[in-house]
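Dear colleague,

Please find below the structure that I am handing over to you. My findings follow directly after it.

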Amino acid sequence: MKDFEEMFITGLKFHGHKCPAMPMGLRAGIAAMKALGVKRAQDKELFIKSETGKGHAAGCFLDGLMTATGCTYGKSNIEKLYYNKMAFSLIDTQTGRAVRVSLKPGFFENALKSPFVQKRKAGVLPQDIEPEIIDPMLDRIKSLPESDFLDIGEVHTVDIKKGKGLFEVRRCESCGEVTFVDKLRVSPDGRTVCMSCSPYEK
């Protein structure tokens, strides 16, 4: 529990405000790691395919997932599928073992009827919602049995494409900015340019 509280505090600092969805994602990520028998990624040992989207309620779920698993956009070991679902698959890139986790439909539907969500619908910013509304919700999410709010699928195997990080760069011969070579293009006048300066791709 102590480790979870430390992770929860980290998640709050990273996410920026108190809300129900971040700790839901935090717990879902932990549950997925437990199902696979893996630890938080230090590099690219894990990969997430997140079915979340943008502009919908509870998108904050994804910040909880990143905090829990160590799958981040900076490490390029997370992909957002924009299905607008509260679900994701966690993949162990060393073995190809994977598990899909989602919020139980009834649990999620009820969560969207909460006083917190009603305030959000009325345009109140999450950081301005009263502690007496949000704090009990957070306590409940932290203490709920996984089986009450998560559907954890069977562990299965997926194909893994493994690649190495790219370290080679060149300066764009138009703007002068340093660019990784896989995104350089040859312009009609023969100069090697970045995609921003290329007439072919905008």
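This is a predicted model: local features need pLDDT of at least 70, side-chain atom pairs count only at pLDDT 80 or more; totals for chains, interfaces and linings use all residues.

The next topic is the aromatic rings. A pair of aromatic rings is described by the distance of the centres and the angle of the planes. Searching the whole structure gives three aromatic pairs. In one of them, Phe4 and Phe8, the ring centres are 6.4 Å apart and the planes meet at 20 degrees, so this pair is stacked; planes under 30 degrees apart count as such. Both residues are part of helix H1 (residues 2-15), where they are four residues apart, about one turn of the helix. Phe4 and Phe8 are both buried.

Phe61 and Phe88 make up another aromatic pair, which is tilted, with 6.3 Å from centre to centre and 55 degrees between the planes. Because Phe61 is in helix H3 (residues 61-69) and Phe88 in strand E3 (residues 87-92), this pair ties together parts that are 27 residues apart in sequence. Phe61 has 0% relative accessibility and so counts as buried. Phe88, also at 0% relative accessibility, is likewise counted as buried.

Finally, Phe8 has a further neighbour: Lys142 lies over the face of its ring, at 4.3 Å from the ring centre.

Yours sincerely

Conventions: Residues are numbered from 1 along each chain as its sequence is written. Side-chain values use heavy atoms; hydrogens and water are left out. Rings of Phe, Tyr and Trp (its six-membered ring) pair if their centres lie within 6.5 Å; planes under 30 degrees apart count as stacked, over 60 as edge-to-face and the rest as tilted. Helices (H or I, at least four residues) and strands (E, at least two) are DSSP runs, numbered from the N terminus. Buried means under 20% relative accessible area, exposed over 50%, partly exposed in between (1.4 Å probe, protein chains only). A charge sits over a ring if NZ of Lys or CZ of Arg is within 6 Å of the ring centre and within 35 degrees of the ring normal.
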